[in-house]
Amino acid sequence: MRAPFALHLKGLGQTFAIGKGTVEALRNVTLTVDRHEFVAVLGPSGCGKSTLLRSIAGLLKPTAGSVEVFGLPVTEPRDDIGIVFQKPTLLPWASVEDNILFPARHKRGSVTRADRQRAAELIEITGLSGFAARLPDELSGGMQQRVGIARALHMDPDILLMDEPFSALDALTREEMGFELLRIWEARPKTVLFITHSVAEAALLADRVVVMSGRPGSVATDMKVPLARPRDAASANDGALHEFAGYLRSLLLKRAA
Ligand SMILES: Nc1ncnc2c1ncn2[C@@H]1O[C@H](COP(=O)(O)OP(=O)(O)OP(=O)(O)O)[C@@H](O)[C@H]1O
(Lines give C-alpha, C1' and ligand atoms only; values in the text may rest on other atoms or scores of the structure.)
Protein backbone atom coordinates (compact mmCIF):
# COMPACT_ATOMS: atom_id res chain seq x y z
CA MET A 1 0.00 0.00 0.00
CA ARG A 2 1.22 3.49 -0.88
CA ALA A 3 2.13 5.62 2.13
CA PRO A 4 -0.34 8.49 2.53
CA PHE A 5 0.62 11.89 1.22
CA ALA A 6 1.95 14.29 3.82
CA LEU A 7 -0.73 16.72 2.65
CA HIS A 8 -3.81 15.92 0.62
CA LEU A 9 -6.27 18.70 -0.13
CA LYS A 10 -9.43 17.41 -1.78
CA GLY A 11 -11.70 20.02 -3.36
CA LEU A 12 -10.93 22.45 -0.55
CA GLY A 13 -13.16 25.49 -0.41
CA GLN A 14 -13.13 28.38 2.05
CA THR A 15 -15.86 31.02 2.08
CA PHE A 16 -15.94 33.72 4.75
CA ALA A 17 -19.11 35.38 5.99
CA ILE A 18 -18.66 39.14 6.26
CA GLY A 19 -21.63 41.14 7.46
CA LYS A 20 -24.52 40.13 5.23
CA GLY A 21 -22.26 38.97 2.40
CA THR A 22 -19.61 36.34 1.78
CA VAL A 23 -16.07 36.24 0.38
CA GLU A 24 -15.09 33.08 -1.44
CA ALA A 25 -11.34 32.84 -0.80
CA LEU A 26 -10.66 29.30 -2.09
CA ARG A 27 -12.57 27.12 -4.53
CA ASN A 28 -11.97 23.45 -5.25
CA VAL A 29 -8.27 23.36 -4.32
CA THR A 30 -6.92 19.88 -4.97
CA LEU A 31 -3.28 19.29 -4.18
CA THR A 32 -1.02 16.55 -2.87
CA VAL A 33 2.40 16.98 -1.27
CA ASP A 34 4.67 14.00 -0.70
CA ARG A 35 6.49 13.41 2.56
CA HIS A 36 9.64 15.57 2.68
CA GLU A 37 8.73 17.44 -0.46
CA PHE A 38 9.37 21.21 -0.58
CA VAL A 39 6.52 22.97 -2.37
CA ALA A 40 6.37 26.71 -3.00
CA VAL A 41 3.07 28.50 -3.60
CA LEU A 42 2.87 31.65 -5.73
CA GLY A 43 -0.19 33.66 -6.65
CA PRO A 44 -1.62 37.15 -6.97
CA SER A 45 -2.24 39.14 -3.80
CA GLY A 46 -5.53 38.17 -2.14
CA CYS A 47 -5.88 34.85 -4.00
CA GLY A 48 -6.13 32.91 -0.75
CA LYS A 49 -2.56 31.71 -0.05
CA SER A 50 -2.68 32.52 3.68
CA THR A 51 -6.19 31.07 3.87
CA LEU A 52 -4.83 27.89 2.30
CA LEU A 53 -2.08 27.69 4.89
CA ARG A 54 -4.43 28.36 7.80
CA SER A 55 -6.80 25.66 6.52
CA ILE A 56 -3.96 23.12 6.40
CA ALA A 57 -2.82 24.14 9.89
CA GLY A 58 -6.30 23.40 11.29
CA LEU A 59 -6.86 27.06 12.17
CA LEU A 60 -9.79 27.32 9.75
CA LYS A 61 -12.46 24.68 9.15
CA PRO A 62 -13.00 24.10 5.40
CA THR A 63 -16.41 25.17 4.13
CA ALA A 64 -16.06 22.59 1.32
CA GLY A 65 -13.84 19.58 0.71
CA SER A 66 -11.19 18.39 3.14
CA VAL A 67 -7.57 18.56 4.26
CA GLU A 68 -5.72 15.39 5.21
CA VAL A 69 -2.33 15.20 6.89
CA PHE A 70 -0.66 11.80 6.64
CA GLY A 71 -4.03 10.31 5.66
CA LEU A 72 -6.08 11.75 8.53
CA PRO A 73 -8.46 14.72 8.36
CA VAL A 74 -7.22 17.86 10.07
CA THR A 75 -9.71 19.08 12.64
CA GLU A 76 -7.52 21.22 14.89
CA PRO A 77 -3.93 22.55 15.15
CA ARG A 78 -1.38 19.74 15.53
CA ASP A 79 2.00 19.50 17.25
CA ASP A 80 3.61 17.99 14.17
CA ILE A 81 2.84 21.07 12.07
CA GLY A 82 5.08 24.12 12.57
CA ILE A 83 3.91 27.47 11.26
CA VAL A 84 5.80 30.63 10.40
CA PHE A 85 3.37 33.49 9.86
CA GLN A 86 3.96 36.68 7.87
CA LYS A 87 4.18 38.48 11.22
CA PRO A 88 5.98 36.61 13.99
CA THR A 89 3.38 37.07 16.81
CA LEU A 90 5.92 36.76 19.62
CA LEU A 91 5.13 36.94 23.33
CA PRO A 92 6.16 40.54 24.12
CA TRP A 93 7.10 39.82 27.76
CA ALA A 94 9.28 36.77 26.99
CA SER A 95 12.92 36.77 25.92
CA VAL A 96 14.06 35.52 22.51
CA GLU A 97 15.10 32.21 24.10
CA ASP A 98 11.78 31.82 25.96
CA ASN A 99 9.81 32.62 22.82
CA ILE A 100 11.68 29.87 20.95
CA LEU A 101 11.13 27.47 23.86
CA PHE A 102 7.45 28.36 24.19
CA PRO A 103 5.99 25.46 22.11
CA ALA A 104 8.11 22.90 24.01
CA ARG A 105 7.12 24.37 27.36
CA HIS A 106 3.47 24.55 26.31
CA LYS A 107 3.48 20.91 25.18
CA ARG A 108 5.46 19.31 28.02
CA GLY A 109 5.06 21.78 30.89
CA SER A 110 8.82 22.24 31.24
CA VAL A 111 11.93 22.35 29.07
CA THR A 112 14.95 20.06 29.09
CA ARG A 113 18.64 20.75 28.71
CA ALA A 114 18.37 19.38 25.15
CA ASP A 115 15.57 21.89 24.43
CA ARG A 116 17.82 24.73 25.59
CA GLN A 117 20.74 23.40 23.57
CA ARG A 118 18.59 23.20 20.41
CA ALA A 119 17.30 26.74 21.08
CA ALA A 120 20.91 27.96 21.35
CA GLU A 121 21.77 26.27 18.02
CA LEU A 122 18.77 27.86 16.32
CA ILE A 123 19.64 31.26 17.79
CA GLU A 124 23.05 30.92 16.15
CA ILE A 125 21.70 29.57 12.84
CA THR A 126 19.20 32.41 12.55
CA GLY A 127 21.88 35.02 13.27
CA LEU A 128 20.53 36.00 16.69
CA SER A 129 23.65 35.22 18.74
CA GLY A 130 23.97 37.67 21.62
CA PHE A 131 20.22 38.42 21.63
CA ALA A 132 18.91 35.36 23.54
CA ALA A 133 17.94 37.41 26.60
CA ARG A 134 16.43 40.36 24.68
CA LEU A 135 12.71 41.11 24.49
CA PRO A 136 10.99 41.22 21.07
CA ASP A 137 10.53 45.02 21.33
CA GLU A 138 14.31 45.40 21.43
CA LEU A 139 14.72 43.67 18.04
CA SER A 140 14.25 44.86 14.46
CA GLY A 141 11.30 43.49 12.46
CA GLY A 142 13.59 41.14 10.54
CA MET A 143 15.14 39.82 13.76
CA GLN A 144 11.68 39.22 15.24
CA GLN A 145 10.78 37.26 12.14
CA ARG A 146 13.91 35.12 12.58
CA VAL A 147 12.80 34.36 16.17
CA GLY A 148 9.47 33.15 14.70
CA ILE A 149 11.36 30.89 12.29
CA ALA A 150 13.56 29.49 15.09
CA ARG A 151 10.45 28.88 17.21
CA ALA A 152 8.76 26.93 14.39
CA LEU A 153 11.89 24.82 13.85
CA HIS A 154 12.52 24.10 17.53
CA MET A 155 9.99 21.24 17.80
CA ASP A 156 11.42 19.76 14.58
CA PRO A 157 7.93 19.42 13.04
CA ASP A 158 7.22 16.88 10.28
CA ILE A 159 5.42 19.58 8.35
CA LEU A 160 6.50 23.20 8.13
CA LEU A 161 4.03 25.77 6.80
CA MET A 162 5.66 29.10 5.96
CA ASP A 163 3.72 32.22 4.96
CA GLU A 164 6.10 34.66 3.25
CA PRO A 165 8.58 33.98 6.05
CA PHE A 166 11.40 36.12 4.65
CA SER A 167 9.46 39.12 3.40
CA ALA A 168 10.54 41.33 6.32
CA LEU A 169 14.24 40.57 5.80
CA ASP A 170 16.73 42.59 3.77
CA ALA A 171 17.76 41.01 0.45
CA LEU A 172 21.06 39.53 1.66
CA THR A 173 19.65 38.09 4.90
CA ARG A 174 16.71 36.76 2.91
CA GLU A 175 19.00 34.84 0.60
CA GLU A 176 21.10 33.56 3.52
CA MET A 177 17.99 32.42 5.41
CA GLY A 178 16.74 30.62 2.29
CA PHE A 179 19.92 28.56 2.04
CA GLU A 180 19.89 28.02 5.83
CA LEU A 181 16.35 26.66 5.51
CA LEU A 182 17.54 24.30 2.77
CA ARG A 183 20.43 23.11 5.00
CA ILE A 184 18.02 22.47 7.90
CA TRP A 185 15.58 20.73 5.55
CA GLU A 186 18.35 18.51 4.15
CA ALA A 187 19.73 17.67 7.62
CA ARG A 188 16.31 17.07 9.20
CA PRO A 189 13.95 16.28 6.31
CA LYS A 190 10.46 17.68 6.57
CA THR A 191 7.55 18.51 4.32
CA VAL A 192 7.55 22.23 3.55
CA LEU A 193 4.79 24.40 2.10
CA PHE A 194 6.32 27.79 1.43
CA ILE A 195 4.24 30.80 0.38
CA THR A 196 6.15 33.57 -1.31
CA HIS A 197 5.72 36.48 -3.71
CA SER A 198 9.24 35.94 -5.04
CA VAL A 199 9.42 33.82 -8.18
CA ALA A 200 13.21 33.53 -7.84
CA GLU A 201 12.93 32.35 -4.21
CA ALA A 202 10.25 29.78 -5.11
CA ALA A 203 12.33 28.36 -7.98
CA LEU A 204 15.58 28.31 -6.01
CA LEU A 205 14.22 26.62 -2.88
CA ALA A 206 11.40 24.29 -3.95
CA ASP A 207 11.00 20.87 -5.57
CA ARG A 208 7.67 21.97 -7.02
CA VAL A 209 5.99 25.29 -7.58
CA VAL A 210 2.22 25.71 -7.44
CA VAL A 211 0.78 28.85 -9.05
CA MET A 212 -2.69 29.83 -7.83
CA SER A 213 -5.37 31.60 -9.83
CA GLY A 214 -6.84 34.91 -8.66
CA ARG A 215 -9.61 34.81 -6.04
CA PRO A 216 -11.32 32.46 -5.51
CA GLY A 217 -7.96 30.76 -5.47
CA SER A 218 -7.44 27.35 -6.97
CA VAL A 219 -4.42 25.53 -8.40
CA ALA A 220 -3.70 26.98 -11.85
CA THR A 221 -0.29 25.37 -12.49
CA ASP A 222 1.77 22.79 -10.66
CA MET A 223 5.33 22.23 -11.94
CA LYS A 224 8.51 20.47 -10.88
CA VAL A 225 11.58 22.74 -10.59
CA PRO A 226 14.20 21.66 -13.16
CA LEU A 227 17.21 21.99 -10.85
CA ALA A 228 19.20 19.28 -9.03
CA ARG A 229 20.01 19.36 -5.33
CA PRO A 230 21.90 20.35 -3.26
CA ARG A 231 21.49 23.99 -4.21
CA ASP A 232 23.66 26.89 -3.24
CA ALA A 233 24.38 30.48 -4.23
CA ALA A 234 25.79 29.27 -7.59
CA SER A 235 22.43 27.58 -8.39
CA ALA A 236 20.91 31.05 -8.67
CA ASN A 237 22.89 31.51 -11.92
CA ASP A 238 21.74 28.23 -13.49
CA GLY A 239 20.33 28.80 -16.99
CA ALA A 240 17.48 26.27 -16.63
CA LEU A 241 16.44 27.94 -13.38
CA HIS A 242 16.36 31.36 -15.05
CA GLU A 243 14.24 30.02 -17.86
CA PHE A 244 11.86 28.37 -15.39
CA ALA A 245 11.60 31.53 -13.26
CA GLY A 246 10.89 33.55 -16.43
CA TYR A 247 8.11 31.15 -17.35
CA LEU A 248 6.56 31.42 -13.86
CA ARG A 249 6.79 35.21 -14.07
CA SER A 250 4.95 35.22 -17.39
CA LEU A 251 2.20 33.01 -15.90
CA LEU A 252 1.77 35.39 -12.97
CA LEU A 253 1.73 38.46 -15.23
CA LYS A 254 -0.93 36.83 -17.40
CA ARG A 255 -3.01 36.14 -14.28
CA ALA A 256 -2.59 39.74 -13.09
CA ALA A 257 -3.54 41.18 -16.53
N1 LIG B 1 -10.91 35.91 8.42
C2 LIG B 1 -11.35 36.44 7.27
N3 LIG B 1 -12.57 36.96 7.17
C4 LIG B 1 -13.03 37.47 6.00
N5 LIG B 1 -12.32 37.49 4.86
C6 LIG B 1 -11.09 36.96 4.90
C7 LIG B 1 -10.54 36.42 6.10
N8 LIG B 1 -9.28 35.97 5.82
C9 LIG B 1 -9.07 36.24 4.51
N10 LIG B 1 -10.15 36.82 3.97
C11 LIG B 1 -10.31 37.24 2.57
O12 LIG B 1 -9.97 36.12 1.76
C13 LIG B 1 -9.25 36.53 0.61
C14 LIG B 1 -7.89 35.82 0.57
O15 LIG B 1 -7.06 36.33 1.61
P16 LIG B 1 -5.61 35.75 1.91
O17 LIG B 1 -5.03 36.55 3.03
O18 LIG B 1 -5.71 34.29 2.09
O19 LIG B 1 -4.86 36.06 0.53
P20 LIG B 1 -3.30 35.99 0.16
O21 LIG B 1 -3.20 35.34 -1.17
O22 LIG B 1 -2.54 35.37 1.29
O23 LIG B 1 -2.95 37.54 0.06
P24 LIG B 1 -1.51 38.30 0.12
O25 LIG B 1 -0.67 37.70 -0.97
O26 LIG B 1 -1.89 39.73 -0.16
O27 LIG B 1 -0.94 38.07 1.51
C28 LIG B 1 -9.14 38.06 0.69
O29 LIG B 1 -10.17 38.61 -0.09
C30 LIG B 1 -9.35 38.34 2.16
O31 LIG B 1 -9.93 39.60 2.35
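What radius of gyration would a compact globule with 257 residues have, and what does the chain have?

**View 1. The whole chain of a predicted model.** A compact globule of 257 residues would have a radius of gyration near 18 Å, and the chain, at 18 Å, agrees; the radius is taken over C-alpha atoms, and the globule rule is 2.2 Å times the number of residues to the power 0.38. The model is predicted, so that local features need pLDDT of at least 70 and side-chain atom pairs count only at pLDDT 80 or more, whereas totals for chains, interfaces and linings use all residues. Residues are numbered from 1 along each chain as its sequence is written. The chain holds 7 helices and 10 strands, which are DSSP runs numbered from the N terminus (helices H or I, at least four residues; strands E, at least two).

**View 2. The packing of helix H2 on helix H4.** Helix H2 (residues 96-108) and helix H4 (residues 141-154) pack with their axes 8 Å apart and at an angle of about 30 degrees, the axes being lines fitted to C-alpha atoms over the stretch in contact and the angles running from 0 to 180 degrees between N-to-C directions. H2 and H4 are therefore roughly parallel to each other, a term for angles under 35 degrees. On the H2 side the contact includes Val96, Ile100 and Phe102, and on the H4 side it includes Val147, Ala150 and His154, where contact means C-beta atoms, placed from the backbone, within 7 Å.

**View 3. Glycine 43 in its loop.** Glycine 43 lies in the loop between strand E3 (38-42) and helix H1 (49-56), and it counts as buried because it has 25 C-beta neighbours inside 10 Å (buried: 20 or more other C-beta atoms within 10 Å; exposed: 12 or fewer; partly exposed: in between; C-beta atoms placed from the backbone). Leaving aside residues up to four places away in sequence, glycine 43 touches Lys49, Val211, Met212 and Gly217.

**View 4. Two cis peptide bonds.** Arginine 215 and proline 216 are joined by a cis peptide bond with omega about -5 degrees, and proline 216 sits in the loop between strand E9 (208-212) and strand E10 (219-224). The bond from arginine 229 to proline 230 is also cis, with omega near -5 degrees, and proline 230 is placed in the loop between E10 and helix H7 (239-256).

**View 5. Threonine 89 and glutamate 164.** Threonine 89, although not a glycine, has a positive phi of about 45 degrees, and it counts as partly exposed, with 13 C-beta neighbours inside 10 Å. Glutamate 164, likewise not a glycine, has a positive phi of about 45 degrees, but glutamate 164 is buried, with 20 other C-beta atoms within 10 Å.

Key: Parallel < 35°, antiparallel > 145°, perpendicular 65-115°, else oblique. Contact = placed C-beta atoms within 7 Å.
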